[in-house]
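Good morning. I will take a few minutes for one model, going from a single chain to its contact with another. Please have a look at it first.

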Amino acid sequence: MSAPPELCGIFSDALAEVLAVSTGAQYHPVSVRPGETLCAVAGMMTLAGQKHGLLLIHASEAAMREVYTLMTGADDVTDADITDTACEIVNMTAGSAKLRLGGSDYAFSLTTPLVIKGDGMSLFAKQRVSVFDAALECAGSLIHIKLVY
Amino acid sequence: MKLLIVDDSSAIRKIIKAAADVLHMESIEACDGVEALEKVTESYESIDLVLLDWNMPEMSGYDVLVALKADEKYRHIPVMMVTTEGQKTSIVAAVKAGAGNYLTKPFSVEELESKILECIGGGSV
């Protein structure tokens, strides 16, 4: 059975909250093409529950650098900082979504996040797997969500 | 006043350290549960508050909390959980294990500073 499209909205709202609280900036939803290529940095987490899912939050290095700078106030950003930011954003977003989905068929536990880096990456899912895409934008900086169930 | 900041995220440690600086508190850091226990063993007489993430490699923050509260030498040190695990069952489990306060990520700097002051002043969840 396909996962309901509302799920993507729940994760997107969770990401918007995480970005607003931790960076102080307002990121607004923008439309994206389904199946868009992953950006250079992707934080990912398996959503372990009755229905397993995969959450990816991906952005360009510049956009992830911007998030780190807004979160910490630091201008000097290393590659490790960018990786750490991707990890923490996916972790906090999953945590926030977990609260929203508690008690539902899509309730899940948090697992260890992972970051993948590299330009032009694509994600391929098996047939009949539900894949949702959404994105948030702040001053030209885009943060994407990809949700797979 | 000295804080022990325990989190596997360097960004989160940096944010908490900046808050400690604003509050004129000294801080030391650990990036997992095992390192946290080492820091406590080394400096327990001077640590006034432990800020503890839950999900970390090597040893979870919850296991660190249980270990601290099981040891007479360390159980007086207040612990605040700072974690993405925001559901009621986790909060109750942490409080039962001896956490004096609980802050769910994401948090604003203002919330963080206010919670730290609550802990130092003896506030509770």
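First, the conventions. This is a predicted model, in which local features need pLDDT of at least 70 and side-chain atom pairs count only at pLDDT 80 or more, while totals for chains, interfaces and linings use all residues. Residues are numbered from 1 along each chain as its sequence is written, and chains are lettered from A and ligands numbered from 1 in the order in which they are written.

From the N terminus, the order is β-α-β-α-β-α-β-α-β-α.

How do the strands line up? They form an open sheet in the order β2-β1-β3-β4-β5 of chain B, with parallel pairing; two strands pair if DSSP finds at least two bridges between them. In chain B, β2 and β5 (101-104) stand at the edges with a single partner strand each, so one side of each has no neighbour in the sheet.

Now one pair in detail. Strand β1 (residues 2-6) and strand β2 (residues 26-30) of chain B run parallel and are joined by five bridges. B:Val6 has B:Ala30 as its bridge partner in β2(B), and B:Leu3 stands opposite B:Ser27. Together, β1(B), α1(B) and β2(B) make a right-handed β-α-β unit: with the strands pointing away from the viewer, the path from the first strand over the helix to the second runs clockwise.

On to the contact between chains. It takes 21 residues from chain A and 16 from chain B, where contact means that C-beta atoms, placed from the backbone, lie within 7 Å.

One helix pair belongs here. The axes of α2 (residues 61-72) of chain A and α1 (residues 10-22) of chain B come within 9 Å and cross at roughly 25°. Axes are lines fitted to C-alpha atoms, for helices over the stretch in contact, and angles run from 0 to 180 degrees between N-to-C directions. α2(A) and α1(B) are therefore roughly parallel to each other; that word covers angles under 35 degrees. A:Tyr68, A:Met71 and A:Thr72 meet B:Ala11, B:Lys14 and B:Ile15 there.

That is all from me.

How values were computed: Helices (H or I, at least four residues) and strands (E, at least two) are DSSP runs, numbered from the N terminus. Angles under 35 degrees count as roughly parallel, over 145 as roughly antiparallel, 65 to 115 as roughly perpendicular and the rest as oblique. Two residues are in contact if their C-beta atoms, placed from the backbone, lie within 7 Å.
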